[in-house]
Amino acid sequence: MAKLNPLSLQMQITRMFEQGQSFFANTKVQDWLKERGKNPAEYDIKFHKKPAPPGSTAVMVVEIELKRKDGQPVDPWLQEQANLQT
């Protein structure tokens with residue numbers, strides 16, 4: 001069973017970038033994919049720094065882009081969950 005973490009994946013990745021630990025962000029997303037029954041080897045993972053939405057206390061957020069290596073579209077639900085803000 002997956003661990004319950006109150007922070008969304010996007011929030012965790014954003015914190016990693018803020019703390020200078022972006023080197024580990026790829027592994028974090030791969031683990032997240034495994035927890036959802038996906039094979040991380042089937043995905044390319046990219047990160048995009050963007051300004052935080054208005055009203056947010058954060059300065060920036062890191063958007064996670066998932067792309068399948070076989071050219072098939074990524075499940076929209078999976079992509080949405082990767083960037084869910086809580």
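**A residue and its surroundings**

Modeller: Gln10 is found in helix α1; helices here are DSSP runs of H or I with at least four residues, strands are E runs of at least two, and both are numbered from the N terminus. This is a predicted model, where local features need pLDDT of at least 70, side-chain atom pairs count only at 80 or more, and totals for chains, interfaces and linings use all residues. Residues are numbered from 1 along each chain as its sequence is written, and side-chain values use heavy atoms, leaving out hydrogens and water.

Biologist: Is Gln10 buried or exposed?

Modeller: Gln10 has a relative accessible area of 4%. Buried means under 20%, exposed over 50% and partly exposed in between, with a 1.4 Å probe and protein chains only, so Gln10 is buried.

Biologist: What is Gln10 in contact with, beyond four places in sequence?

Modeller: Val61, Val62, Glu63, Ile64, Ala82, Asn83, Leu84 and Gln85. Contact means heavy atoms within 4.5 Å.

Biologist: Where is Asn83?

Modeller: Asn83 lies in the segment after α3. Asn83 counts as buried at 17% relative accessibility. Setting aside residues up to four places away in sequence, Asn83 touches Gln10, Val62, Glu63 and Ile64.

Biologist: Switching topic, what is the mean pLDDT of the chain?

Modeller: The mean is 89, and 92% of the residues reach 70 or more. pLDDT is the predictor's confidence in each residue, from 0 to 100.

Biologist: Which element has the lowest confidence, and which the highest?

Modeller: α1 is lowest at a mean of 93, and α2 is highest at 96.
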